[in-house]
Amino acid sequence: MKNKRKIFRLFAVILLVLLTVALTGCEKWEAFRGEYELFKQEFPEIAEFFSLKQWSEEPSPHVVLALPDETSAPMLDMLTHTEVIESPFNSADKISTAQSLGDLAIGEQYYRALTETEKDLYIQVPAFEGRDCDEIKAHFESCGVEVCVILRRNTAPAGEVIAINYAGAVSGGVYYVNPYVPVTLYVSDEKKAKTADSGHNLVYLTFDDGPSEDTEKLLDILDTYGVKAAFFTLGTAIEKNPIQGANVVLRGHSLGCHSFSHDYEKIYSSVAALEAEVGKWEKTVSDAGINVSRKIFRFPGGSVGGYLEKDDVPPMQGMLEEAGYVIFDWGVSINDAVLYLAPEEQSSYDYIKESFVSSLEQRVRINQKNDGAPIIILMHEQVDETVHLLPWIIEYLVDRGFVFGDLANFDGSYMFER
């Protein structure tokens, strides 16, 4: 009987230990406290060997390790975590950026006050300015920190540090770095697409009718490939999405005028009406705090078509040029604004792909006879298919030897022949 009791007690102890391990760090600590009290009442002889003080009520998310020669000293943080280097391309609140790098932990708990004793255990690295990889790497190494660099495709310009992964904490503008854990710098890799200012195989990407909720997605894709684009925007859209409009300029792309309202009847009723639309667009841009370095314009529907009388184009063009605008139509369309024209048996994605390839090939043939005409590609915001297919379009152009230009550097206007 005594042996059975001993076995039972031993079995109970094992169960309690397993329960303790499982519940260490559990958020339902109060529930466990109640279970422990109940257990103590039922098995007092076993419970007397245990104490709630063995487990912290606020468990640290860090993995810690005692100093090799001072086991009684404060613990060093051993868990590496990521801090995104804030820039127009990597906002510090984009946790997904850090998570995509495969890091273990991210959080404000690492921005914490350290005791003087704790500070002495870490290597102190003053906060750095700028985002250049070579400069930041040299900065850490000069403080005695081992650094490794990992290149990743990213929206930031090549060579910029996009995130830093280390063990330690930040306090008072100083990085306190665990000397036993190397610092990793995640750096934006070289871009796949090539850019140029001239050439027969030069293409220009443009987007109409924004800004929108899709603007940032488009910017991320473009910046990952290193491509600059022109966004011909509406005043009404800027009123709704001023931050997205500002980001176009902030990230080095061109922001142009596509009228205020996109109301054809109103816009094209007279030269004065178009001038008023442009003026209203300019005021909206200014009120949003956006500074436009070069004034570019695109006629809604294009400068030739059923919306605009042929005889009205010259005076309107003259008014725009006098106001300092450079005008751009297009030479290639992906037909994302007329998806309703897709054959019933064809998906909208295949329709866009087919339209793009056909239009591009036609423009290349025309340009062979008319050297110097730019290949300007028309696309639209707020079309899901366009956002999803933009990487495919860029890859298609890259694979066929095209290089990407920036309309900000294009000399003069480009309009349809009349």
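Mentor: Let us begin with Tyr396, which has a relative accessibility of 13% and therefore counts as buried, since the limit for that class is under 20%. Please bear in mind that the model is predicted.

Tyr396 forms an aromatic pair with Trp392, with 5.4 Å from centre to centre and 35° between the planes, and this pair is tilted. Trp392 and Tyr396 are separated by about one helical turn, because they lie 4 residues apart in helix α14. Trp392 has a relative accessibility of 28%, so this residue counts as partly exposed.

A pair of aromatic rings is described by two quantities, the distance of the centres and the angle of the planes. The count of such pairs comes to 16. Another of them joins Trp392 to Phe356: the ring centres are 6.1 Å apart and the planes stand at 75°, so this pair is edge-to-face. Phe356 has a relative accessibility of 0% and counts as buried.

Aromatic residues also gather elsewhere. One cluster is formed by Tyr264, Tyr268, Phe297, Phe299, Tyr307 and Tyr325.

In total 20 residues line the second largest pocket, and Gly199, His200, Asn201, Leu202 and Ala373 lie nearest its centre. By class, the lining has 8 nonpolar, 8 polar and 4 charged residues. The space within this pocket is about 310 Å³.

Finally, let us turn to a sheet. Its 3 strands form an open sheet in the order β4-β8-β7, with antiparallel pairing. The strands β4 (123-126) and β7 (168-171) are at the edges with a single partner strand each, so one side of each has no neighbour in the sheet. On average, neighbouring strands of this sheet are turned by 25° against each other, direction ignored. Between β4 and β8 (residues 174-177) there are 4 bridges, and Gln124 stands opposite Tyr176 in β8.

Conventions. Residues numbered from 1 in each chain as written. Predicted model: local features only at pLDDT ≥ 70, side-chain atom pairs only at ≥ 80, totals over all residues. Heavy atoms only, no water. Pairing = 2+ DSSP bridges. Helix = DSSP H or I, 4+ residues; strand = E, 2+ residues; numbered from the N terminus. Axes fitted to C-alpha atoms, helices over the stretch in contact; angles between N-to-C directions. 1 Å grid on protein atoms, 1.4 Å probe; cavity = no way out; pocket = protein on both sides within 12 Å on 5 of 7 lines; lining within 4 Å. Points joined across faces, edges and corners; volume = space filled by probe spheres on them. Nonpolar A, V, L, I, M, F, W, Y, C, P; charged D, E, K, R; others polar. Phe/Tyr/Trp six-rings, centres within 6.5 Å; stacked < 30°, edge-to-face > 60°. Buried < 20%, exposed > 50% of the residue type's maximum accessible area, 1.4 Å probe, protein only.
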